[in-house]
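Please read them with the sequence and the coordinates open.

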Amino acid sequence: MDISIIGAGYVGLTTAGCLAETGHKIFCAESDAKKLAKLQAGELPFFEPHLQEMVSRNRAAGLLEFGSTEEAIDRGQAIFICVGTPPLKNGEADLSYIEAVARTIAKRAKGYRLIIEKSTVPVQTGSQLRKSLAQNKNRDFDYDVASNPEFLREGSAVENFFHPDRIVVGVDSPKAEKLLRDIYAPMLEGKAFCPVHTGCRGRKGVRFLVTDTNSAELIKHASNSFLAMKISFINLIADLCEAAGADVTKVAEGIGLDPRIGASFLQPGIGFGGFCFPKDLQAFVRIAARFNCNFALLEEVEKINLSRVSRFVEKLRNELWVLRGKKIAIWGLSFKPDTDDIRFAPSISLIRELLSEGAIIQAYDPAAMEKAKEELPNITYCNDPYEAAKDVDAILLVTEWKEFRGLDWTRLASLVERPLLMDGRNFLCEENIASQGFEYVGIGGISDRPDAGSMVDELTIAPETVAV
Ligand code: UGA
């Protein structure tokens, strides 16, 4: 199918690359001239595993092109709106980019188009979109509006696209539903070759949930809010474990074994970040308030999350007493591994807090240093974890990059001023660290335990879905 994507951000570009990979003909529009020029030259504006290869391959095959919004409107029978919905000062989502795109579509499009909102939006945005299209539309234009929220996670977005838990579509006509089924047919029929696992075709029987547009929009916000709530919940449990002498790893395992609770998203740490959870929580609270629904519950989730960094600094202060003049290594800057995204990353507020107390920061991240330099120009960026550890009073692990496992702790011990590792993600196994004389401080009472940090890595696909 000829499909257009408007907006080449994380969501738009990943969707464009993945849909092209399944055989659709994709035209992706980007309004930022610099970004567009980069894309047309074959470069991606951000790092996402497997995306670069997939985009290059499909451009070469003629299945993926980049250009203007106008051309996208002319080309696609279905048009995905993937433009940004950044937070306004009051926490609400700024929908002005969506509105601008709607007006351009309404004035320019000829014949039938399915307009699909994929950006994360508050409930009733679809109805507003319909109104805006109706008010501005030219005579020859006919359309349906649908909502199709994305559930991709940065760092594993390509894999998530080919192995979705569910595909949710909010529609108000059988025609719109049929078109969306056609778009996702390769995934629904288990015929899409996932570029992440060679020979893997996903699985048949992915749940295709059809709802009205309001419900689809709510599913997205409610999902992210619920996940954020799980994280803040386990973070409070971690605090209680520390105070009461329990082990949060075991508590998380014990409660996660109940299928009604589930094991994932119970990893305590220095807090959630990224462009989705913090902004979506706020937007959800605001939109709920507009409908006279008091979501103080989620305000608390946000507050707990914001306090994680200060609590971590407090623990560091307990170890080092005075922070002024102390050298601190920060391992990991991105808000999570396998991405260069530092938006709302705990590392940024942590470093700011440490700097304000007079600490000296030596940071290392495998992918996010270029982006971090724009936010934090006045710290030292290092070439590897060892360089970052030189002469420091403490190493703070903030992002659980795989690279931080299997390091040479004997070498590290010879480099540091004081062998103290504070693990903000409970990621490193204490065994070999402790044997090199390092003191290990984790989250939630797991220090001084031989198997500290050895939580099972989350599996994103069940083994039976990988048909080789
Ligand atoms: C999140 C959702 O997981 C996706 O389903 C959704 O599509 C996406 O937002 C979005 O709205 O676009 P993402 O922001 O990429 O995806 O990141 P997650 O993997 O969900 O992690 C978010 C944050 O929570 C990270 O900082 C991570 O370190 C933290 N986290 C996650 C924890 O602290 N503990 C956990 O157990 C899990």
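**Notes on the model**

1. In the sheet, Ile328 stands opposite Ala394 of strand 12. Strand 9 (residues 327–331) and strand 12 (residues 394–397) run parallel and are joined by 4 bridges. Strands here are DSSP runs of E with at least two residues, helices are runs of H or I with at least four, and both are numbered from the N terminus. Two strands count as paired if DSSP finds at least two bridges between them.

2. A word on the basis of these notes. The model is predicted: local features need pLDDT of at least 70, side-chain atom pairs count only at pLDDT 80 or more, and totals for chains, interfaces and linings use all residues. Residues are numbered from 1 along each chain as its sequence is written, and side-chain values use heavy atoms, with hydrogens and water left out.

3. The open sheet has 6 strands with parallel pairing, in the order 11-10-9-12-13-14. Strand 11 (380–381) and strand 14 (439–441) are at the edges with a single partner strand each, so one side of each has no neighbour in the sheet.

4. Which residues come nearest to the ligand? They are Glu150, Glu154, Lys220, Asn224 and Lys336, out of 19 residues around the ligand; a residue is counted if one of its heavy atoms lies within 4 Å. By class, this shell has 9 nonpolar, 3 polar and 7 charged residues. Ala, Val, Leu, Ile, Met, Phe, Trp, Tyr, Cys and Pro count as nonpolar, Asp, Glu, Lys and Arg as charged, and the others, Gly among them, as polar.

5. A backbone N or O atom lies 2.8 Å from a ligand oxygen atom in Leu152, 2.9 Å in Gly273 and 3.3 Å in Leu266; the cut-off for a polar contact is a pair of N or O atoms within 3.5 Å. Taken alone, the ligand exposes 720 Å², and the protein buries 94% of that (Shrake-Rupley areas, 1.4 Å probe). Helix 9 (213–244) and helix 11 (277–290) are the elements that give two or more residues to the shell. Helix 9 gives the most, with 3 residues.

6. The second largest pocket holds about 940 Å³ of space. A pocket is an open set of points on a 1 Å grid over the protein atoms alone, with protein on both sides within 12 Å along at least five of seven lines; a cavity is a set where a 1.4 Å probe fits but cannot get out, and lining residues have an atom within 4 Å of a point. Of the 36 lining residues of this pocket, Gly9, Tyr10, Cys82, Val83 and Gly84 are closest to its centre. Helix 1 gives the most to the lining, with 4 residues. The lining divides into 16 nonpolar, 10 polar and 10 charged residues.

7. How many cavities of 30 Å³ or more does a search of the whole structure find? The search finds 4. About 60 Å³ of space lies in the largest cavity, a volume being the space filled by probe spheres set on the grid points. Among the residues that line the largest cavity are Ser119, Thr120, Asn148, Glu150 and Lys220.

Terms used: Polar contact = N/O pair within 3.5 Å; in protein donor to acceptor, adjacent residues only side chain to side chain.
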